[in-house]
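My notes are below the structure.

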Amino acid sequence: MQADWLKSGPYASRLDEAASSAISRLKPQHVPKGTVMFRPGDMPRGFVLVLGGTIAVYLTGRSGREILLYEVGAGQTCVQTTVGLLGEQAYSGEAVAETDCVVVLIPLSEFQDLMATSGAFRKFVFEAFGNRLSEITQLLEQVAFVKIEARLAAALIERADTGGTVELTHQELAAIIGSAREVVSRRLEALRAANIVELTRGTIRICDRDALAAIARGQG
C-alpha cells in the first residue's frame, strides 16, 4: 500500500503503479530553513521531490554576484539535479531552503531504474525539465532586455504581502532580478524619493502600487 505522503502529495497523479510502488517506500525528510542542499562542484545524490516548502537555486558569478535561477516548490523539480543525474555532472549552482521543507530523495540507482522502466516517471521528469528550461529562458530575456527599474518593480509587486510589504534585503532583491546590491539600493532610493515605497531595514512597503505597476510595464 502506498505511503500516505505519496497518496496525498502533489506527485501522486503523475506516477504509474510501478513508480508509485518504488517511491512510496522512501521516507520524507525535514529540511530546516537556511539549509544548503548543494553547492557548486557537488555531485547529485538523488532526485528530490519537494512535498512542502520552497528551495531557491542560485548561480554565483566570478565577481561574487548572485542571481536567483528558480525556486522549487511542492510538486516541482530541480533542473540542475536532473541535468546532473542524467549527464553525471556536478552542480554549478547552490540550493538553499528558503523555508522549512519536506522532501523525499530518490537515490541515484532507483532514479535510473525508474527512468528505464516507468514511462510515466520518465514523462514527468522530462516535462518538468522542459518547464524549468522555459522559465530560465524567460529569466535570461528579462535580464538581457528588460530595464532594471521594471524588473525591480515587478519583483516588489510579485513578492509583496496583502498589506504591500516586502520582507527582503537589497542583496536578496539583487539576486532575484540579476543585478548588483548597490544598483538595487540606488533604484529603491529613487522610488522612495518619489513616494512610491517606504524603506526600513529588511523591509520595503509599497505606497503607490499603481505607479509601481506602471514602472513594471515599462511606462515609468
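These entries take the ring pairs, then the helix contact.

Entry 1, aromatic pairs. I kept in mind that this is a predicted model. My count came to seven aromatic pairs. I looked up Phe38 and Tyr91: their ring centres sit 3.5 Å apart with the planes at 0 degrees, so I logged the pair as stacked, given that planes under 30 degrees apart count as such. Phe38 belongs to strand 2 (residues 36–38) and Tyr91 to the loop between helix 3 (79–87) and strand 6 (94–97), so this pair ties together parts that are 53 residues apart in sequence. Buried or exposed, Phe38 and Tyr91? Both are buried.

Phe47 and Phe111 are 5.1 Å apart centre to centre, with 25 degrees between the planes. Phe47 is in strand 3 (residues 46–52) and Phe111 in helix 4 (residues 108–117), so here the parts tied together are 64 residues apart in sequence. I checked burial again: Phe47 and Phe111 are both buried.

How do helix 7 and helix 8 cross? The axes of helix 7 (residues 170–177) and helix 8 (residues 181–193) come within 8 Å, crossing at roughly 105 degrees. I therefore put the two helices down as roughly perpendicular to each other. On the helix 7 side I listed His170, Gln171, Leu173, Ala174 and Ile177, which meet Arg181, Val184, Ser185 and Leu188 of helix 8. The contact residues sort into five nonpolar, three polar and one charged.

Key
Residues are numbered from 1 along each chain as its sequence is written. This is a predicted model: local features need pLDDT of at least 70, side-chain atom pairs count only at pLDDT 80 or more; totals for chains, interfaces and linings use all residues. Side-chain values use heavy atoms; hydrogens and water are left out. Rings of Phe, Tyr and Trp (its six-membered ring) pair if their centres lie within 6.5 Å; planes under 30 degrees apart count as stacked, over 60 as edge-to-face and the rest as tilted. Helices (H or I, at least four residues) and strands (E, at least two) are DSSP runs, numbered from the N terminus. Buried means under 20% relative accessible area, exposed over 50%, partly exposed in between (1.4 Å probe, protein chains only). Axes are lines fitted to C-alpha atoms, for helices over the stretch in contact, and angles run from 0 to 180 degrees between N-to-C directions. Angles under 35 degrees count as roughly parallel, over 145 as roughly antiparallel, 65 to 115 as roughly perpendicular and the rest as oblique. Contact means heavy atoms within 4.5 Å. Ala, Val, Leu, Ile, Met, Phe, Trp, Tyr, Cys and Pro count as nonpolar, Asp, Glu, Lys and Arg as charged, and the others, Gly among them, as polar.
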